[in-house]
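Please read the following report alongside the sequence and the three-dimensional view. It moves from the overall fold to individual residues.

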Amino acid sequence: MVCGGFTCSKNALCSLNVVYILVGLLLIGVAAWGKEFGIVSSIHIIGGVIAVGFFLLLIAIVGLIGAIHHHQVMLFFYMIILFLVFLVQFGVSCSCLAMNQDQQEKLLNSTWSLMSNNTKGELEGRLDCCGLLNNTLGQKQFNQDWFSLCTSLPPCKDRRNCYTCGTMMLQHASEALKILGGVGLFFSFTEILGVWLAVRYRNQKDPRANPSAFL
């Protein structure tokens with residue numbers, strides 16, 4: 001069987017969908033790590049990456065089943081949805097890579113002001129930090145947090161060596177966004193390959209089927 005034949009297309013599409021499943025799991029895992037340790041839950045980019053990873057995982061399973069059984073309907077919807085996933089993943093990945101530290105700080109400031117004191121206290125205790133950002137933009141908020149929220153928590157205040165929560169979150173956020181953006185952007189282009197393979201494989205005849213049957 002030549003490489004352009006039915007079996008080769010089937011094996012290539014199955015292998016590509018296995019890779020998509022692994023990429024989907026990787027995106028979900030890295031985004032969840034960044035959400036847990038790097039960024040508070042209100043930042044939408046991390047949620048967007050998790051959603052893209054979840055949908056990529058689902059469509060990869062559909063594509064894998066469709067490729068194994070040469071199912072015309074499943075392959076058709078696979079092509080359409082995979083192309084839409086490519087558009088979303090490409091946009092989200094570019095957003096992750098393009099977000100600089102100033103934009104991250106503004107996003108953190110707007111999110112921090114919406115959080116309740118209990119949530120702030122839990123975050124400070126978990127990260128062993130106090131306040132958001134001790135800079136010109138967040139000085140007023142930092143002073144309020146220092147005297148109202150950091151009275152008993154976190155333990156670092158007893159040691160008189162507290163980092164701000166914003167500094168710690170931005171460190172993890174930058175790492176998570178770079179990983180997410182790079183991985184997502186690289187594999188978004190392979191999704192175009194998946195669409196092309198699906199179109200090609202869908203229009204090929206199964207040699208084991210009735211030769212006189214239509215596609």
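The sections below take up the fold, the annotated spans, a surface patch and a few selected residues.

## Basis of the description

This is a predicted model, in which local features need pLDDT of at least 70 and side-chain atom pairs count only at pLDDT 80 or more, while totals for chains, interfaces and linings use all residues. Residues are numbered from 1 along each chain as its sequence is written, and side-chain values use heavy atoms, with hydrogens and water left out.

## Overall fold

The protein chain holds 7 helices and 0 strands, and along the sequence its pattern reads α-α-α-α-α-α-α. Helices and strands are DSSP runs numbered from the N terminus, a helix (H or I) having at least four residues and a strand (E) at least two. Of the 215 residues of the protein chain, 42% count as buried, where buried means under 20% relative accessible area, exposed means over 50%, and partly exposed lies in between (1.4 Å probe, protein chains only).

## Annotated transmembrane spans

An unreviewed UniProt entry carries the annotation "transmembrane region" for residues 12–33, 45–68, 75–100 and 179–199; the positions are given in the numbering used here, feature names are shortened, and such annotations may be inferred rather than shown by experiment. In the model, residues 12–33 are 100% helix and 0% strand, with end C-alpha atoms 31 Å apart. For residues 179–199 the model likewise gives 100% helix and 0% strand, and the end C-alpha atoms lie 31 Å apart.

A nonpolar patch on the surface is formed by Val73, Phe76, Phe77, Ile80, Ile81, Phe83, Leu84, Leu87, Val88 and Ile192, with about 860 Å² of accessible area together. Accessible areas come from the Shrake-Rupley method with a 1.4 Å probe, and for residues only the protein chains shown count as cover.

Helix H3 (residues 72–98) gives the most to this patch, with 9 residues, whereas Ile192 is found in helix H7 (residues 165–202) and is partly exposed at a relative accessible area of 35%. The buried residues of H3 include Leu75, Tyr78, Met79, Leu82 and Phe86. At 1.5 Å a residue, the 27 residues of H3 should span 39 Å, which agrees with end C-alpha atoms 39 Å apart; the expected span is 1.5 Å times one less than the number of residues.

## Contacts of Gln204

Ser9 lies in helix H1 (residues 6–37) and is buried, with a relative accessible area of 1%. A polar contact of 3.1 Å joins the side chains of Ser9 and Gln204; the term denotes a pair of N or O atoms within 3.5 Å, and within protein one must be able to donate a hydrogen and the other to accept it, residues adjacent in sequence counting only if both atoms are side-chain atoms. The backbone oxygen of Gln204 is reached at 3.3 Å by the side chain of His70, a residue in the loop between helix H2 (44–69) and H3 that counts as buried at 14% relative accessibility.

Leu132, in the loop between helix H5 (117–127) and helix H6 (139–148), is buried with a relative accessible area of 2%. Its C-alpha atom is separated by 4.5 Å from that of Gly166, 34 residues apart along the chain. Met168 has its place in helix H7 and is partly exposed, at 22% relative accessible area; Met168 and Leu127 are 41 residues apart in sequence and 7.8 Å apart in space, C-alpha to C-alpha.

Key: Patch = residues over 30% accessible without salt bridge, like charges linked within 9 Å, V, L, I, M, F, W, Y side chains within 5 Å. Salt bridge = Lys/Arg side-chain N within 4 Å of Asp/Glu carboxyl O.
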